[in-house]
Amino acid sequence: MAQGLTVDQTAIKFAQLVIAVWVVVAGALQAPWLIAFLTAALATSAASPTRSLFRLLYHRVAVPLRLARPRIIPDDPAPHRFAQGVGAAVLAASTLALFVGASTLGWVLAGLVAVLALLNVTAGFCAGCFVYYQLSRRGWLPRRPEGA
């Protein structure tokens with residue numbers, strides 16, 4: 001890991017909790033458009049963290065209302081962004097399935113994202129990060145130059 005990189009662990013868990021609750025609400029309402037919106041929000045977050053809906057909610061609502069307290073730790077944000085990208089890809093497949101009539105597959109895929117998000121919140125295990133590290137270890141992901 002390059003020196004000086006940090007992440008806010010609370011912000012990550014907050015985003016994961018929002019994702020899980022969002023999927024549950026979408027499923028309860030049988031609202032595929034909510035999954036489509038979540039897909040876009042998660043893809044945006046992975047591609048451009050400063051434009052993340054989750055970050056906005058965290059910094060403008062959760063922290064000021066003292067629902068969450070930042071916990072900045074030394075860590076590489078790349079695996080977390082990769083995990084968000086994987087989540088967005090799975091939700092994109094879910095959205096497609098929901099809109100072409102394969103609703104069981106669509107809700108199962110969305111549910112998988114919710115379960116993995118809750119796993120991160122409750123047990124601190126990020127499945128997408130695990131995949132990132134395995135791919136990186138095998139040389140299948142580009143290496144970041146030292147100090148970057």
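The crossing of helices α1 and α2 is left-handed, meaning that the near helix is turned anticlockwise from the far one by less than a right angle. This is a predicted model, where local features need pLDDT of at least 70, side-chain atom pairs count only at pLDDT 80 or more, and totals for chains, interfaces and linings use all residues. Residues are numbered from 1 along each chain as its sequence is written, and side-chain values use heavy atoms, without hydrogens and water.

Helix α1 spans residues 9-29 and helix α2 residues 32-47. Their axes lie 9 Å apart, at an angle of about 160 degrees. That makes the pair roughly antiparallel (over 145 degrees).

The contact (heavy atoms within 4.5 Å) involves these residues:

| Helix | Contact residues |
|---|---|
| α1 | I19, W22, V23, A26, L29 |
| α2 | L34, I35, F37, L38, L42 |

Ten of the contact residues are nonpolar, with no polar and no charged ones.

Now the largest pocket. Its space is about 840 Å³. A pocket here is an open set of points on a 1 Å grid where a 1.4 Å probe fits, with protein on both sides within 12 Å along at least five of seven lines. Its lining counts 33 residues, each with an atom within 4 Å of a point. Nearest the centre lie I12, S45, H80, R81 and Q84.

Helix α4 (78-99) is among the elements that supply at least two lining residues each. α4 gives the most, with seven. By class, the lining holds 20 nonpolar, ten polar and three charged residues.

Methods
Axes are lines fitted to C-alpha atoms, for helices over the stretch in contact, and angles run from 0 to 180 degrees between N-to-C directions. Helices (H or I, at least four residues) and strands (E, at least two) are DSSP runs, numbered from the N terminus. Angles under 35 degrees count as roughly parallel, over 145 as roughly antiparallel, 65 to 115 as roughly perpendicular and the rest as oblique. Ala, Val, Leu, Ile, Met, Phe, Trp, Tyr, Cys and Pro count as nonpolar, Asp, Glu, Lys and Arg as charged, and the others, Gly among them, as polar. Grid points are joined across faces, edges and corners, and a volume is the space filled by probe spheres set on the points.
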